[in-house]
Amino acid sequence: MTDFIGLPKAEVHIHIEGCFEADDVIANCEAAGIPLRAPRDRLFEAHDLKGFLEMLDWLCGTFRTREQLATTAYKFAQRMGRSGVRYADVIVNPTHWPHWHKDIAGMIDAFDAGFAAAEQDGHPPVGLCVSLLRTQSAAEAIELVELLGDIRHRRVVALSVDGNEAAAGRTGPRFAEAFRRAGAAGLRRTVHAGESSGPEGVRDAIDLLGADRIDHGVRAIEDPELVDLLARKQIALGICPVSNLALGVYRSLADHPIDALRKAGVPVSINTDDPSLLDTTLEASYAACAEAFAWDDETIRQLAATSVQASYADPALKARIL
Ligand code: ADE
Ligand code: ZN
């Protein structure tokens, strides 16, 4: 059986908001006098994307101090190391963190301190993808990009957009200018699409937002011309099969299009999205897919290599990993 932990790989679609430990959230609540949203065993319970995103607002609302953020970042890198991840791009969406709305730069600094300390201790390096929420306005999007341009923090590698496309309608046009400015400022661009939107969301991500990577993107499978385009342009999809089942995009791995996309020549990688909230790990996601699609060792090695190639690690680090 393949050693899924030892496999050289990156995680390129994961949210720091999805990596909390229940004990830490409960400690935050005790420190700030916040009542728990549910008993400990149901603290991370949500049934669909809408409920899930509401839960994120509550969970992140318990983080009040710089130390709490730095500890979360440190533990994130530790978690990556335990799964054998050699580099991670992690998404943080400031809208979920009410205590930090007026100090996004301070929030980025606090996470940076935790990632830097973790790397010093031998845990894998991490790049930060700062994310808009689908329901934000064009002006709010531009404000975030201007802030990122002002602070030019070396930890920040990309602009991202996540959240519920179904709740926001077609948002490509609304965010086009913000993404154009992010690209001009030298940031990479990664876009959640084709999860709560169909293939049209993926097209907008490419045509209007200049995405160089798509988070999810799985519903591109419904449009064969789009699949051809992704393969031709080699636009990578950061796919999260276990999340797609948990949040109801597909009923089973047998219905999941990751293998069909791979066979069509689209660069696909396996990721976890929100591992602690969905109670999974990266190695478990690889193992579940390998079994469902009867992948041989070479196919698995190629998928892991794609995750590294698709990451925003610098070329020297990629070469060392591969
Ligand atoms: N934020 C955290 N997880 C997400 C997901 N699966 N889709 C959209 N936004 C998210
Ligand atoms: Zn995601």
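The following legends describe close-up views of a predicted model.

**Figure 1. Pairing of β4 with β5.** Strand β4 (residues 156-162) pairs with β5 in the parallel sense, and 4 bridges connect the two strands. Within this view, Ser 160 stands opposite Thr 190, a residue of β5.

**Figure 2. From β5 to β6 by way of helix α8.** Strands β5 (residues 188-193) and β6 (residues 213-216) run parallel and are joined by 4 bridges. His 192 has Asp 215 of β6 as its bridge partner. Together with helix α8 (residues 199-207), β5 and β6 make a β-α-β unit that is right-handed.

**Figure 3. From β6 to β7 by way of helix α9.** Strand β6 also pairs with strand β7 (residues 236-239), in the parallel sense and over 3 bridges. Here the bridge partner of Asp 215 is Gly 238, which belongs to β7. Between β6 and β7 the chain passes through helix α9 (residues 224-233), and this β-α-β crossover is right-handed.

**Figure 4. The contact between helices α5 and α7.** The axes of helix α5 (residues 138-151) and helix α7 (residues 172-184) come within 8 Å and cross at roughly 10°. Because angles under 35 degrees count as roughly parallel, α5 is described as roughly parallel to α7. Helix α5 contributes Ala 138, Ala 141, Ile 142 and Val 145 to the contact, while α7 contributes Arg 174, Phe 175, Glu 177, Ala 178, Arg 181 and Ala 182. By class, this contact of α5 with α7 has 7 nonpolar and 3 charged residues, with no polar ones.

Figure 5. The residues around ligand 1 are His 15, Glu 17, Gly 18, Leu 49, Asp 162, Gly 163, His 192, Glu 195, Ser 243, Leu 247, Asp 273 and Asp 274. By class, this shell has 2 nonpolar, 5 polar and 5 charged residues. His 192, one of the residues around ligand 1, is also the bridge partner of Asp 215 in β6.

Conventions:
Residues numbered from 1 in each chain as written. Chains lettered and ligands numbered in written order. Predicted model: local features only at pLDDT ≥ 70, side-chain atom pairs only at ≥ 80, totals over all residues. Pairing = 2+ DSSP bridges. Right-handed = clockwise from strand over helix to strand, strands pointing away. Axes fitted to C-alpha atoms, helices over the stretch in contact; angles between N-to-C directions. Parallel < 35°, antiparallel > 145°, perpendicular 65-115°, else oblique. Contact = placed C-beta atoms within 7 Å. Nonpolar A, V, L, I, M, F, W, Y, C, P; charged D, E, K, R; others polar. Near = placed C-beta within 6 Å.
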